[in-house]
Amino acid sequence: MVRGARVTWCGTLLLVGVLVGGASGCGPETPPAPGGPPSVSAPAEPPSTATATAPGATATPGATTAPGTTTAPGSPTADPHPAEVLVEVVVNGGLAGVRNKLVVHYDGSWTSRSGTKAPRTGRQTPAEAAELRAALEDPAYARVPERPTGGPVFDGFQYYVTYRHRLVVSGDGERPAALQRVFAALPEGGPPTNP
């Protein structure tokens, strides 16, 4: 078989394979046997709802998964890096019109920014960090509505809580118990509301 004829044959087989959803054997892994019928690769698996992670790749920044495992969106990763962000809380509003931000890392270290002031930093004890992780990983927290359910509070605060790429927005009005548990476990006794 001449090379030009093989290329044309493989191109045709690839086109047919794409049209019927199969795979051809024209890749370098499965060359046709001399004088015999070409071998055909098994069809690719259909995509699943889980996101496959390549060996050594990261499912979330700083966290690797074992080869052959999958990580569903929003599910915990095996061993997050201690410096990886656990939760971020932004507070807006109030009488003074604050815009504050608190970032807590998996190792319990945190940074709080209030307006134009210099950032404050600190570290939770291992028990405090574990309590915050437990509050965030509680299945009840996963059911907290992503938008406020109660009426707005005049000159109240709005809280934007980001955990594992999920944003929950809440106000000073009605607050679910699971969200209150997260707030109680934050450094310095709760979200940063001081100007």
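Strand 6, residues 98-105, is mostly covered, with six of its eight residues buried. In this predicted model, strand 6 is joined to strand 5 by eight bridges and to strand 7 by five. Both pairings are antiparallel. The protein as a whole has four helices and ten strands.

**Overall make-up**

- Along the sequence, the elements follow the pattern α-β-β-β-β-β-β-β-β-α-α-β-β-α.
- The protein has 195 residues, and 30% of them count as buried.
- Take the contacts with a separation of 6 or more: residues 24 or more positions apart account for 41% of them.

**Strand 5 and its two partners**

- Strand 5 covers residues 85-93 and runs antiparallel to strand 6.
- Asn 92 has Arg 99 of strand 6 as its bridge partner.
- Val 90 stands opposite Lys 101, again in strand 6.
- The hairpin of strand 5 and strand 6 has four residues between the strands. Gly 94 in this hairpin takes a positive phi near 80°.
- Strand 5 also pairs with strand 9, in the antiparallel sense, over six bridges.
- In that pairing, Glu 88 has Thr 162 of strand 9 as its bridge partner.
- In a regular strand, side chains alternate between the two faces of the sheet.

- Strand 7 spans residues 109-114 and is antiparallel to strand 6.
- Asn 100 finds its bridge partner in strand 7, at Ser 114.
- Three residues lie between strand 6 and strand 7 in their hairpin. Gly 108, in the turn, has a positive phi of about 95°.
- Strand 7 is joined to strand 8, residues 120-123, by four bridges, and the two run antiparallel.
- Ser 112 has Arg 120 of strand 8 as its bridge partner.
- The hairpin of strand 7 and strand 8 has five residues between the strands. Its turn holds Gly 115, with a positive phi of about 55°.

**Ser 114**

- Ser 114 is found in strand 7.
- Why does Ser 114 count as buried? Its relative accessible area is 5%, and buried means under 20%.
- Leaving aside residues up to four places away in sequence, Ser 114 touches Asn 100, Arg 120, Asn 194 and Pro 195.
- Among these contacts, Asn 100 is also the residue whose bridge partner is Ser 114.

**Helix 4**

- Helix 4 spans residues 177-185.
- Its buried residues are Ala 178, Leu 179, Val 182, Phe 183 and Ala 185. Seen down the helix axis, they fall within an arc of 165°, so they line one face of helix 4.
- An α-helix has 3.6 residues a turn, so residues three or four places apart point the same way.
- Which exposed residues sit on the face turned away from the buried side of helix 4? They are Ala 177 and Ala 184.
- The buried residues of helix 4 pack against two helices and two strands: helix 2 (126-137), helix 3 (139-142), strand 9 (157-163) and strand 10 (166-171).

**Gly 190**

- Gly 190 lies in the segment after helix 4.
- Is Gly 190 buried or exposed? Gly 190 counts as buried because its relative accessibility is 9%, under the 20% cut-off.
- Gly 190 and Val 89 are 101 residues apart in sequence. In space, their C-alpha atoms are 9.7 Å apart.

**Cavity**

- Rolling a probe the size of a water molecule over the atoms shows where empty space is left.
- How many cavities of 30 Å³ or more does the structure hold? It holds one.
- The largest cavity has a volume of about 60 Å³.
- Its lining consists of Val 144, Pro 145, Arg 147, Pro 148, Thr 149, Val 168, Val 169, Ser 170, Glu 174, Pro 176 and Leu 179.
- By type, the lining residues divide into seven nonpolar, two polar and two charged.
- Strand 10 gives the most to this lining, with three residues.
- Leu 179 lines the largest cavity and is also one of the buried residues of helix 4.

Notes: Residues numbered from 1 in each chain as written. Predicted model: local features only at pLDDT ≥ 70, side-chain atom pairs only at ≥ 80, totals over all residues. Heavy atoms only, no water. Buried < 20%, exposed > 50% of the residue type's maximum accessible area, 1.4 Å probe, protein only. Arc of directions from axis to C-beta. Contact = heavy atoms within 4.5 Å. Pairing = 2+ DSSP bridges. 1 Å grid on protein atoms, 1.4 Å probe; cavity = no way out; pocket = protein on both sides within 12 Å on 5 of 7 lines; lining within 4 Å. Points joined across faces, edges and corners; volume = space filled by probe spheres on them. Nonpolar A, V, L, I, M, F, W, Y, C, P; charged D, E, K, R; others polar.
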